[in-house]
Amino acid sequence: MSNTELIRKLRAALKPENVLSVPSELVVYDCDAFTVERHIPLAVVFPRSAVQVAEVVRACSDHGCPVVARGAGTGLAGGCTPPPNGVVIVLTRMNKILDIRLRDAMALVEPGVLNLQLTNALSGTGYHFAPDPSSQGTATIGGNVATNAGGPHTLKYGVTVNHVAGLEVVLGDGSILQFGPVEDPAALDLARVVCGSEGTLAIVTKIWAKLTKNPQACRTIRATFASIDDASQAVSQIIAAGIVPAALELMDRGILDAVEAAFALGVPPEAAAVLIIELDGPEAGLDSLLEQVIALCRNWNPGEVLQAKTPAERELLWKCRKMAVGAVGRLSPGYMIQDGVVPRTRLPHIFRRILEIAAKHRVRIVNVAHAGDGNVHPILLLDERDRDLTARAKAASREVLEECITCGGSITAEHGVGIEKIELMEKLFAPADLRAMHRVRQAFDPASQLNPGKKYKTICQ
Amino acid sequence: MNRRKWWDSLHSAHPTDNFMNFSSQDNTNESGEDNLAAGIAYDQLLRCVHCGLCTSSCPTYLETGDENNGPRGRIQLIRLVADGRTDLTDRMRHHLELCLDCRACETACPSGVQYGRLIEPFRQAIEAKDTRLEKRWDIFRRGILLNLFPYADRLRYVLRPMRMLQRLGIVSAIERLGLLKLLPGRLGRLAQMLPSPTRPGPRLPKFLPAVGRKRARVAFFVGCVADAMFRPVHWATVRVLQQNGCDVFVPRGQGCCGAIHLHNGDPLGARRLADANLVAFELDRYDAILVNHGGCGAMLKEYGHHWHDGLQPHRARFADKVKDVHEFLDNLGVVPFSGRIEVSATYHDSCHLTHAQRVASAPRRLLAKIPGLDLRELPEAGICCGAGGTYNLTEPEMSDQLSRRKLDNILSTGAQVVLTANAGCLLQIQREVRQAGLGLQVMHPMELMDLSYRGEKLELKAGSEKGKMKMNVS
């Protein structure tokens, strides 16, 4: 079957307006927010139901061409960059909230529903959807499931997998399966396996999302420090004291410059690092906990400690943190954001090493971090037109992640492996681990039809 | 199959798509004079880091879910042309023309990409270089868009017989019978857009004195469509300004801001209108030049960067003086409203007020001070209603989708009054409300404030039976 025939088949299955096949319309699907590697797909399809997804998968499977599912395309590791000669299944037209059942604290949504769309739909009910990646206003819940997305508040509430009760999925052979949402000890918990598999095991077509009760009260503070070292020592100490803040975020001077330009947050220019700390829970006892946190910060000579007094002030703080990465365009025409994890006690060490690595490779690196989780996001500034710089940034990036592995951490906390970090999988895992993962993959998708070349190298190739 | 063959097979399937082979590494940047992108702000292209955080703010992306119809995709398409990697294909052109130029993506963009400075000059270049016969001889564009709309006097003259028919109930009868659809294409849509007949009231005098303590001297910008169709809004606005201690001057010789020309591919025509305004307003006499419609305000505030000639510094100085009337009153500190207005209302952000001018909280703050008013936040308040200047005439299908989306959101608030500060939005939402037979009142915020100062009650219209059902259901 030729490509033309495949496209004809796809058009017949989905109606022509749901299939793109003209090269000049395909080009915008050549990458996601990871722009370093790009491939123009063979076709882009917009199914509206699981049945249509299954039809597309079957047609492509007959044709021997790989498929990749895509949500909003905000992924940072190239998870939905099309494989060469691949078909992109865009799930943005499956964007309905099908059911909200507050008594069960659960919502049934299609994968194209935006993370924030669900939380907005819940406003006034006293519930929200807890995973809150910085891209939550744009990213889809399907994408959150694929990358097992986190966010600032996952420190206390856990990442996406903790908020998924069940999934409906399409496998590589076109079969439609449902895992959950009822907790059933008799079954293997396959929904958890699919979470974070980056579209390599199945394409998610429905999600039973667990809803979280809004906290009764919260306190948000911003503390500035004279060095990133002091700030990260404070983080380690807060965690060591057994306190679990709702969120504990760090931003360094470099990223603050961009944030100031974008949102005028008002951080004093001498501050080298800022911590955003949020505590939530029952009103009673929250203030004494806050005092305890502030006292711990005082051990590391904070410049100023300010508390958000109004919801608007709190919102501004979070906006600054969540939009920080996008604001990097004010510093440089391109960037590469890393996503490493280290044990929290090693935070001061990793920040020192990042500085050294930046100097060694002559790359400017600015930092944001979900510090409470030990999750660092060094952002390497680059210009794609400068190939030498891009190569140096890639090398520096790799070295940072290797350092994370050496510290006993990991190469990703929430962005996924994608194509960006695939080479490092062998460093992080023993061959036996990789073989086990590969066997799981084969069980779900024996022909390696779904998103090949991502997360783990496809051994059969 | 190797890559080359695969590519060829795509081409053979679409012989009309003259898209060149694309390479991510190749960056030739052949942006010579002939390049459609020669006039764009290239630095803005580099600012886009492809994060995609803009997409969910884009009305056409929300409706279609397609990157091609989102800001990130459009920027990529423009960059391909700018870098000389491909010619503009018909499909690409379609996606760029589908853009409302609402600039919601600018508000969303954390990197501060000024998307308007990319899409506007690019589309002007497309228009200017369009040699297709139907474009060259587009009577609608030349006759109506460029030579009727921007001139309030001509427009009023043409509207007179239409108003007569409206007053006699003939238009609504024709509308009910669906006969307006018989008018050809955009003309038919235009007829559907016409607001209900109201007495336009006399022309604004040259000067209206402040009431009470004098606090500012301001000039008032009247505009074209806004004056021909919404003169009562102008009267309400100047009365509110008077109540707030403003001496209001209405300079003669002023005209359209030029936005219609600029957005329909006639930058020189736009410049002529802009320069007439430069002459009409003596900058040093006024504390500010005030505008009450978002679209006009955005254009006036951008006078400084649309054209590059000797007058540019003067235009920039003019632009600095321009303030939206809500923004101005909010800064000045509004004199407390007097009368209670016991209705529920919701405020729709005009794109060019909230995204282009970044005036979003001022109107809300002012409205919140009206005693008795139950102001409810509108879901997706900042998503375009589909009016988009003349977009509702040029892209009817998408425009209708968006105005239905807007109406559904409005109905979900249960409000009795919709407030919005732009002529295009007022026309669009009024039409949608009229066609659905709803009793919703569509007003400019200044009208409500004026009622309060005058201590008058707002009389709510009753909708049709069908319309009432719809409101109850939601």
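Let's start inside chain B, where 10 residues of domain 2 are in contact with 11 residues of domain 3; contact here asks for C-beta atoms, placed from the backbone, within 7 Å. On the domain 2 side, helix H9 (139-146) and helix H10 (152-167) of chain B each supply at least two residues, with H10(B) giving the largest share, 4 residues. Helices are DSSP runs of H or I with at least four residues, strands are E runs of at least two, and both are numbered from the N terminus. Ala, Val, Leu, Ile, Met, Phe, Trp, Tyr, Cys and Pro count as nonpolar, Asp, Glu, Lys and Arg as charged, and the others, Gly among them, as polar.

A word on the model: it is predicted, with local features needing pLDDT of at least 70 and side-chain atom pairs 80 or more, while totals for chains, interfaces and linings use all residues. Residues are numbered from 1 along each chain as its sequence is written, and chains are lettered from A and ligands numbered from 1 in the order in which they are written.

Now step across to the partner chain: 36 residues of chain B are in contact with 44 residues of chain A. On the chain B side, H1(B) gives the most, with 5 residues. The residues of this side divide into 15 nonpolar, 16 polar and 5 charged.

Chain A itself has 15 helices and 19 strands. Its C-alpha atoms fill a box of roughly 70 × 55 × 40 Å along the principal axes.

How values were computed: Two residues are in contact if their C-beta atoms, placed from the backbone, lie within 7 Å.
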